[in-house]
Amino acid sequence: MNYQHLDTPIGTLRLVSNGAQILKIEFEGPYNTHAADNPDSILINCADQLNAYFAGKRTCFDLPLGANGTPFQQRVWSALAGIPYGEVRSYKDIAHIIGHPAAVRAVGAANGHNPLPIVVPCHRVIGSNGRLTGFAGGLKAKSHLLQLEARLMHQTAAKAPIKSA
């Protein structure tokens, strides 16, 4: 396993790869063991793309991903990856998207086990009532990510040329 730590506006992230794919993005905390950095080209690319995202210069990621999970989790994570930048969906929306409308709690559990937060945008999933719910990095980090995306979307819309009739 290869590791690289990345300081971001929402805290330090630990990026993990097997040399061919990104396997995990973890929020550093007192519960994590601090493995020494030994970045490979995949991790360097991931760090560059995350830095560009936080700088408001990237709205999607192009990385080889290798998240391990059950077939159900994989379907949920695939649905998360389809949520457009700057938009949100509810757990109920995701349950419908994957064809299991009654599996809202299971979708929440799969969302909570997403090993690739930010890149697979689990932060874009909110409660049906519009409230922010759990996030591995905490609700303050989730709010920061959603505000970053909303701010960039607003700036982009403001720069768009006005079309005349």
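**A histidine and a sheet**

Modeller: H123 lies in the loop between α4 (104-112) and β5 (125-126). Helices (H or I, at least four residues) and strands (E, at least two) are DSSP runs, numbered from the N terminus. This is a predicted model: local features need pLDDT of at least 70, side-chain atom pairs count only at pLDDT 80 or more, and totals for chains, interfaces and linings use all residues. Residues are numbered from 1 along each chain as its sequence is written, and side-chain values use heavy atoms, leaving out hydrogens and water.

Is H123 buried or exposed? H123 is buried, with a relative accessible area of 0%. Buried means under 20%, exposed over 50%, and partly exposed in between, using a 1.4 Å probe and protein chains only.

What surrounds it? H123 touches Y53, I118, F135, K142, L145, L146 and E149, leaving aside residues up to four places away in sequence. Contact means heavy atoms within 4.5 Å. With E149 there is also a polar contact, side chain to side chain, at 2.8 Å. A polar contact is a pair of N or O atoms within 3.5 Å; within protein, one must be able to donate a hydrogen and the other to accept it, and residues adjacent in sequence count only if both atoms are side-chain atoms.

Now the sheet. An open sheet of 3 strands runs in the order β1-β2-β3, with antiparallel pairing. Strands pair if DSSP finds at least two bridges between them. β1 (2-8) and β3 (22-27) stand at the edges, each with a single partner strand, so one side of each has no neighbour in the sheet.
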